[in-house]
Amino acid sequence: SENYMFRKFMIDSAKFWATEYKLGGFRFDLMGLHDLTTMNTLTAAVKEATFDNFTIYGEPWTGGSTPLTDGAVQDSISKYEGYGAFNDLMRDALIKGGLNPTSAHGWAMVSGTDKVAAADAKAIVNGIKGWTSNGTATKSKDPNKAVQYASCHDNYTLFDRMTVGYSKDGGKTTTAPSDLLHYGPTLANGLALLSSGTSFMLGGEEFLRTKTKEDGTKDGNSYNASYEENAFDYALLMENQDVYSFYKNLIAHKVGNGALQQDETGASALSVEALNDNNVITYTYGNYTVYARNGLDLDDATVDLNGRVAFTNYGEASTSGNKLTLRPYEFVVIANS
């Protein structure tokens, strides 16, 4: 793309597709292989030809070595103009996705007496503000450049990631706690989707989608798998109506809440904390407060309830008077008094 005619070819093609087919956005695979000048110019050209909120985002990686020195990689995200990228740093803090070993447990996956890395909790705290940060280094504080997610077409579904995280045979058998498999996916996605930035989720997560190979193992990259493996099994929707209802509430809440759609200054001012040795994360935005708890054993998981419970991934909250008890892998949204 650093060559003039190839850059022109990319820009002309993008403008044609966007206008001819009335598209609303583009996603660039391995966007780090395109130079910044091309991506910035292409974005401006497409928006001028269509509309200002035409969505452009991509993978801020190269997939290997490249001689390009000014690619649109994650380290250069501050130089992006009008487009964004997947925030895999928050995803990895939540579930240890991507290139992490399947035996690794992210913040949303831990159980019992596991340990939580302080950097992971910090990465999630920063991610809720729309930052692209691994907890120790921050690459961007602009939520308009952060695509917040916990799973996509690459790698495992959330249910499968949590299954293989407690398995020695690729997910044929698992020692994962049952409450992790049912509530862990919604905990991870709850934090990813009720963050500042652009929300993204894998289709089928709303009913705990799974991709199982013929040999019984879970598939972490099903691009070349069968239709049967990649299909949406709507029997799971019937089995997991509570999960589906939670996602409906979650998405409607995000879409309708301006407090989670602020610019860099407003998003950075959000009040976000990690409590109980980093095992409970809480934050307040507008008239709402979120409490999220992972699966570690806690001496005290009770918090003050200063309002009404709007919704929780458990369906019903565990309350007594003005106290709320957080159960393992619970994500709860409170409408403050």
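Predicted model: local features only at pLDDT ≥ 70, side-chain atom pairs only at ≥ 80, totals over all residues.
Colleague: How many aromatic pairs does a search of the whole structure find?

Modeller: It finds 22 aromatic pairs. One of them joins Trp61 and Phe86.

Colleague: How is that pair of Trp61 and Phe86 arranged?

Modeller: The two rings are stacked. They sit 6.4 Å centre to centre, with 10° between the planes. Planes under 30 degrees apart count as stacked.

Colleague: Which parts does the pair tie together?

Modeller: Trp61 lies in the loop between β2 (55–58) and β3 (84–86), and Phe86 is in strand β3, so the pair ties together parts that are 25 residues apart in sequence.

Colleague: Is Phe86 buried or exposed?

Modeller: Phe86 is buried, with a relative accessible area of 3%. Trp61 is partly exposed, at 27%.

Colleague: Which residues do ring pairs link into a cluster?

Modeller: Trp17, Phe26, Phe28, Phe51 and Phe54.

Colleague: What lies over the face of Trp131?

Modeller: Lys129 does, at 5.2 Å from the ring centre.

Colleague: New topic. Which residues touch the most other members in the largest nonpolar core?

Modeller: That core has 48 residues. Those touching the most other members are Trp107, Ile124, Leu191, Leu194, Tyr283, Tyr285 and Phe331.

Colleague: Which elements give two or more residues to it?

Modeller: Among them are helices α3 (88–95) and α4 (118–128), plus strands β10 (280–285) and β17 (331–336). Helix α6 gives the most, with eight residues.

Colleague: What lies apart from that core?

Modeller: Another core, of 19 residues. Its members include Ala18, Phe28, Met31 and Leu42. Phe28 also belongs to the ring cluster.

Technical notes:
Residues numbered from 1 in each chain as written. Heavy atoms only, no water. Phe/Tyr/Trp six-rings, centres within 6.5 Å; stacked < 30°, edge-to-face > 60°. Helix = DSSP H or I, 4+ residues; strand = E, 2+ residues; numbered from the N terminus. Buried < 20%, exposed > 50% of the residue type's maximum accessible area, 1.4 Å probe, protein only. Lys NZ or Arg CZ within 6 Å of the ring centre and 35° of its normal. Core = buried A, V, L, I, M, F, W, Y, C linked by side-chain atoms within 4.5 Å.
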